[in-house]
Amino acid sequence: VLTATGAFVYFSQKDLYPGEQLDQDPKKKTVVVLGNGWGSTSFLKSLDNEEYNVVVVSPRNYFLFSPLLPSVTVGTLEARSIIQPTRYITRHKKRKCAVYEAEATDIDPVKKTVTFRDASETNDTHKEVTIPYDYLVYGVGAENQTFGIKGVKEHGCFLKELKDADRIRRKLLDCLETASFTGQSEEEINRLMHMVVVGGGPTGVEYAGELHDFLIDDLRKWYPEIADKLRITLIEALPNVLPAFSKQLIEYTESTFRSNKIDVMTRTAVKDVGEKSVIVQDANKNTHEIPYGLLVWATGNTARELSRKLMGKLPEQQTNRRGITTDEHLRVAGAPEIFALGDAVAGQYAPTAQVASQQGTWLARTLVKMAQAEKLKEELNQLRATNADPADVERVVKKLNRAADVPSFTYSHQGSLAYIGSEKAIADLPFFNGSFSSGGVATMLFWRSAYISSLYSLRNRTLVMADWAKVKLFGRDVSR
Ligand code: NAD
């Protein structure tokens, strides 16, 4: 269906009617899934769990469609529109799954156990339990990189979780309300109206684009007396923004930002963060102080504490400080019953949603093949024990060979997309053996369609399209 907001959408019957579920079976192997981001969720969605008892452990009980998170910070989309309860996915599985809203605190790769603690905000006893696993799917993601720069955690806003988007929105509106307060000095108004984004990767660029849209579409209507004072600055340490995109798209983005009055400071690194200003160093090693009202910190990822702890238990095999090392079958080096995927892994692939979700799908298929191979082995043993017909043995051996032959994971890049503001997006798409770059309004419609189609449920697709339509009709809601 092509909708009024310019996005293609498909509907599936299964979205609406989940079927009856089998009970957990103590005779089956247990797969513990840590995390419910792109990797773990795509694993869960694709897994035929008839042969496994599945336990999901994650500190939040929903999947977050992270590519649309920047839109939540300015109210283009509502937070609820881009999340989906993990129980929605497990309800659609063949066999019942256990879902725990809990934070994994330790993994013992020798005893094959995982310890986790209740993530409740109201129950402060925080019960901790340890359970065994046969296979562990390690998809805990990464945390925000600060490079140890002072003040980032206290004063900067990250853009990873829903609570981050909410914090940015509240802080942004607080700056606008405070700047509108009577009797402010010109200098203070200018500081409050200066929004600084650190990091010119896709996260920083998309956020700056959304902020610009808010300025053009809504700020002039709601805050006419201060709207012209709003300034957006994007600070990037490298010579250009979006280093992973083609040269043509980098130039297109930088020129769109110039005409949108987004100030791009390249070859400039933030060295220190204070409550109201940042200290930056330019290419000539000169330092300046830049006052800000809102600071968004988007300088990429680093390994989580849990990953560091696990790596510490496998010191000979886990030597890459950036994250977990795996083989080409996603098995953690030194702990072959643990499969790691997504941003937790430091490997040849970029930490993107696309890589993680392909890894999740591949792993789901692989675990099904492994279960088939186990069953065939048992069948073969029985046939041999009863001196069965050699033709039957031969038939099972052939099947077993097929099931045991698991190809390694290979990534197929479907292209990169990013929204850059003023209804424009950029796309770097693989095209035959080359690549095809495009930018502009048509690309934005493509961007919308691609994201709408990748949203996991009919409910989310409907909500996101309704939000887009709502903003077009009524503008964004500026209540805090
Ligand atoms: P990133 O690692 O891609 O970019 C961070 C940028 O911050 C770098 O360019 C770095 O040079 C800069 N930086 C670091 N320290 C700095 C400092 N002190 N001062 C100034 N600049 C500094 O991070 P990201 O944008 O969060 O992306 C993370 C991953 O997620 C990437 O692999 C990215 O491709 C992916 N992602 C993709 C999309 C998309 O395709 N639309 C959107 C978001 C994220």
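Select domain 1 and domain 2 together: 12 residues of domain 1 are in contact with 13 residues of domain 2, two residues being in contact if their C-beta atoms, placed from the backbone, lie within 7 Å. On the side of domain 1 that touches domain 2, helix α3 (residues 69-73) supplies the largest share, five residues. By class, this side of domain 1 holds eight nonpolar, four polar and no charged residues. Here Ala, Val, Leu, Ile, Met, Phe, Trp, Tyr, Cys and Pro count as nonpolar, Asp, Glu, Lys and Arg as charged, and the others, Gly among them, as polar.

The model in the viewer is predicted: local features need pLDDT of at least 70 and side-chain atom pairs count only at pLDDT 80 or more, while totals for chains, interfaces and linings use all residues. Residues are numbered from 1 along each chain as its sequence is written.

Next, display the whole chain. Its secondary structure comprises 14 helices and 22 strands, where helices (H or I, at least four residues) and strands (E, at least two) are DSSP runs, numbered from the N terminus. Along the principal axes, the C-alpha atoms fill a box of roughly 95 × 50 × 50 Å. Of the 480 residues, 39% count as buried; a residue is buried if 20 or more other C-beta atoms lie within 10 Å of its own, exposed if 12 or fewer, and partly exposed in between, with C-beta atoms placed from the backbone.

Now select the ligand. Which residues are the closest to the ligand? Among the 28 residues that surround the ligand, these are Gly199, Gly201, Pro202, Thr203 and Gly300; a residue is near a molecule if its C-beta atom, placed from the backbone, lies within 6 Å of it. Two or more residues of this shell come from each of α8 (202-222), β13 (269-273) and β20 (416-421). Helix α8 gives the most, with four residues. The shell divides into 16 nonpolar, 10 polar and two charged residues, and draws at least three residues from each of domain 1 and domain 2.

Move on to helix α11 (residues 353-385). At 1.5 Å a residue, its 33 residues should span 48 Å, and its end C-alpha atoms are 48 Å apart, which agrees; the expected span is 1.5 Å times one less than the number of residues. The buried residues of α11 include Val355, Trp362, Leu363 and Leu367. Among the elements that cover them are β1 (29-34), α2 (38-46) and β19 (335-340). After α11 comes Asn387, whose phi is positive, near 50 degrees.

From β19, pick Glu337, which has its place in that strand. Glu337 is partly exposed, with 13 other C-beta atoms within 10 Å. Not counting residues up to four places away in sequence, Glu337 touches Lys112, Asp134, Tyr135 and Leu136. Glu337 and Tyr135 are 202 residues apart in sequence, yet 5.0 Å apart in space, C-alpha to C-alpha.

Most residues other than glycine have a negative phi. Phi of Lys112, however, is positive, near 60 degrees.

Finish at Ser422, in the loop between β20 and β21 (424-431). Ser422 is not a glycine, but has a positive phi of about 45 degrees. With 16 other C-beta atoms within 10 Å, Ser422 is partly exposed.

Note on methods: Domain bounds come from an automatic or database domain assignment.
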